[in-house]
Amino acid sequence: MPTKVIHTAGFSVLFATPPRPEAIARALLALQPSRAEASGPTTWRTPLFGLHVDLPTARARAHIAAFDCPWPDSMGDPKGDPELFAAWSLGMFGPFTFPGNLERAMVHAYEFPAARSLASAHHAFLRVSITQPSRDAGRAVIYDPLAELQAMTNLARALLDAPGALAYFNPGGEVLADAARIDATNREARAARVSSLPLWVNVRVAHFEQAPGWMIMDTIGMGQVDRDDLEAVFPSANAKCGQIAAMLRNAAEYVRERGPVIADGHTMDSAPGHRWVAKTRESGLMPGLVRQVLRWQPVGAQLPDAFA
């Protein structure tokens, strides 16, 4: 699984038609990067073109590559498509990218109904990979994942003004958004004095087939801010999914800001009279990326054996 080794962040912009270099260069003018320059060929298939963009607010550099094909959601396999599989394994599509990210982003886009229609209409994409500069003269690089993600989002917003751009896609967080959604989320975050976490971290919910009558809900993407994802398990009868989702969102922002301060046995309320207790688990229950999670379960609930 690709993590923060080669690239520290990454995203894509989905296009209806292949983007043109002059149009991307014009879109970048709104961002006023300190430097934008053409790049040579990259790995995987030969891109239509490539650009490097310096992001001074994050002390980072963005590498943009354009591809005249849909996002490769399968990420290949060693025998059927070894070139794509190798590119994914080396992290060329960004940290925490995993097969099926785009399909799950469409399925769980509860607050963005246009997600599936926009994503399904794309036939090309920009792949944007963020890297940190190497150590220079013995000085350690100051790495701020939040500043990097915000700079990344600003770059995505500028690129969405290019002709043919359909949607921003964050594979590690399984998030899809158009320009209006990015603008609205950033406004709401500024007003509430919190981060724009919903643009990088999604909340997913599903019935758990191995435990009939129970549901699971989780966050996906917290690894981008160097935190564990959160998960909740609960009976489906009379479940207040909106309240549980808000609880996970609030807890995600809390640990994003304060660090991993929630320990096993700590409790939290989703609503008056609805208390949950935390327990660390080595892996989550949702399909896709395998990672450690902080699981929340109703206090006093007898969990089915499938959750053990």
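Strands β8 and β9 (residues 214-220) run antiparallel and are joined by six bridges. Within this pair, V205 stands opposite M217 in β9. Bear in mind as you follow along that this is a predicted model.

Now step back to the sheet around that pair. It is an open sheet of six strands with mixed pairing, and its order reads β8-β9-β10-β13-β12-β11. At the edges you will find β8 (202-207) and β11 (267-271), each of which pairs on one side only. From one strand to the next, the twist averages 25°. As a reminder, strands of a sheet pair through backbone hydrogen bonds, either parallel or antiparallel.

Let us turn to the nonpolar cores. The largest has 58 residues, and F11, I24, L126, L159, Y168 and W296 are the members that touch the most others. Helix α7 (residues 241-258) supplies the largest share of this core, with seven residues. Another core, of 24 residues, lies apart from the largest one, and its members include W71, W88, M106 and F169.

Finally, a word on the cysteines. C241, in contrast, is partly exposed because its relative accessibility is 26%, which lies between the 20% and 50% limits.

Key:
Residues are numbered from 1 along each chain as its sequence is written. This is a predicted model: local features need pLDDT of at least 70, side-chain atom pairs count only at pLDDT 80 or more; totals for chains, interfaces and linings use all residues. Side-chain values use heavy atoms; hydrogens and water are left out. Buried means under 20% relative accessible area, exposed over 50%, partly exposed in between (1.4 Å probe, protein chains only). Two strands pair if DSSP finds at least two bridges between them. Helices (H or I, at least four residues) and strands (E, at least two) are DSSP runs, numbered from the N terminus. Axes are lines fitted to C-alpha atoms, for helices over the stretch in contact, and angles run from 0 to 180 degrees between N-to-C directions. A nonpolar core is a set of buried Ala, Val, Leu, Ile, Met, Phe, Trp, Tyr and Cys residues joined through side-chain atoms within 4.5 Å.
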